Amino acid sequence: GLEPFRKIRDAVGDQMEIMVEGHGLWTLPAAKKIAHALEEFEPYWLEDLMRADDIDALAELRASTRTPILVSEFLTTRYEYKPVLEKKAADIIMIDPTWAGGITESKKIATMAETYKRPVAFHDCTGPFTLMAGLHLAINATNAVYQETVRAYLRITYPDMVTEGITVENGHILAPTAPGI
């Protein structure tokens, strides 16, 4: 399982960030093993190796690795994010504006993360509305580091769903210029 990471690092060194998505599928022992095995490749983050329903287990994972832990597109409202921040169970907070309670609630979560000195990233795999909302939030949040997206969605799926497309230049999504979302 480490071979793809080795190939990326051999091909481009540290010129490309590697972010690992765990989809919340792993137990704590497995997540620790995965995190430890990936450390040599210096991933930017390990995303949702475990579901965020056991904050103490997340904190234990966080303490067991030097790789930043990202938590969690699965959480909803600031009330679910707060214990993650209080227990220092994550280095980076992932927010899905649709699942987390909309734009206002997502902004509150980003601001709360900022008070804990944690950066935020915005999730996208739920449609162009979520992506546009995340982009607007990322532009506004002083602690935003990434807006996640899927290239295939930008090229194939989303253009059929919206009138105003997303522009990507040199790996960066440009700020939308049309009014509204």
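How much space lies in the largest pocket? About 1100 Å³ of space lies there, where a pocket is, on a 1 Å grid over the protein atoms alone, an open set of points where a 1.4 Å probe fits, with protein on both sides within 12 Å along at least five of seven lines, and a volume is the space filled by probe spheres set on the points, which are joined across faces, edges and corners. This is a predicted model, in which local features need pLDDT of at least 70 and side-chain atom pairs count only at pLDDT 80 or more, while totals for chains, interfaces and linings use all residues. Residues are numbered from 1 along each chain as its sequence is written, and side-chain values use heavy atoms, with hydrogens and water left out.

The lining of the largest pocket comprises 29 residues, and those nearest its centre are M19, Y146, Q147, T149 and G171; lining residues have an atom within 4 Å of a point. Two or more lining residues come from each of β1 (19–21), β2 (45–47), α6 (128–140), β6 (144–147), α7 (151–157) and β8 (172–173), with helices (H or I, at least four residues) and strands (E, at least two) taken as DSSP runs numbered from the N terminus. By class, this lining has 16 nonpolar, seven polar and six charged residues. The second largest pocket holds about 230 Å³ of space, and of the 16 residues that line this second pocket, M132, E164, G165, P176 and T177 are the closest to its centre.

Leaving aside neighbours within four places in sequence, I95 is in contact (heavy atoms within 4.5 Å) with Y81, A100, S106, I109, A110, V120, A121, F122 and H123.

In α2 the buried residues (under 20% relative accessible area, with exposed over 50% and partly exposed in between, for a 1.4 Å probe and protein chains only) are L28, A31, A35 and L38. They lie on the same side of α2 because they cover an arc of only 100° around the axis, the arc being that of the directions from the helix axis to the C-beta atoms. The face turned away from this buried side carries the exposed residues P29, K33 and H36, while what covers the buried residues of α2 includes α1 (3–12), β1, β2 and α3. In α3 the buried residues are I55, A57, L58, L61 and R62, and they share one side of α3 because their arc around the axis is only 160°. These buried residues of α3 pack against α2, β3 and α4.

The backbone geometry deserves a last look. Most residues other than glycine have a negative phi, and most peptide bonds are trans. The peptide bond from V71 to S72, however, is cis, with omega near -25°, and S72 is placed in the loop between β3 and α4. T77, in helix α4, has a positive phi of about 65° although it is not a glycine, and counts as partly exposed at 28% relative accessibility. N170 also has a positive phi, near 50°; N170 lies in the loop between β7 (168–169) and β8 and is exposed, with a relative accessible area of 77%.

Notes:
Ala, Val, Leu, Ile, Met, Phe, Trp, Tyr, Cys and Pro count as nonpolar, Asp, Glu, Lys and Arg as charged, and the others, Gly among them, as polar.
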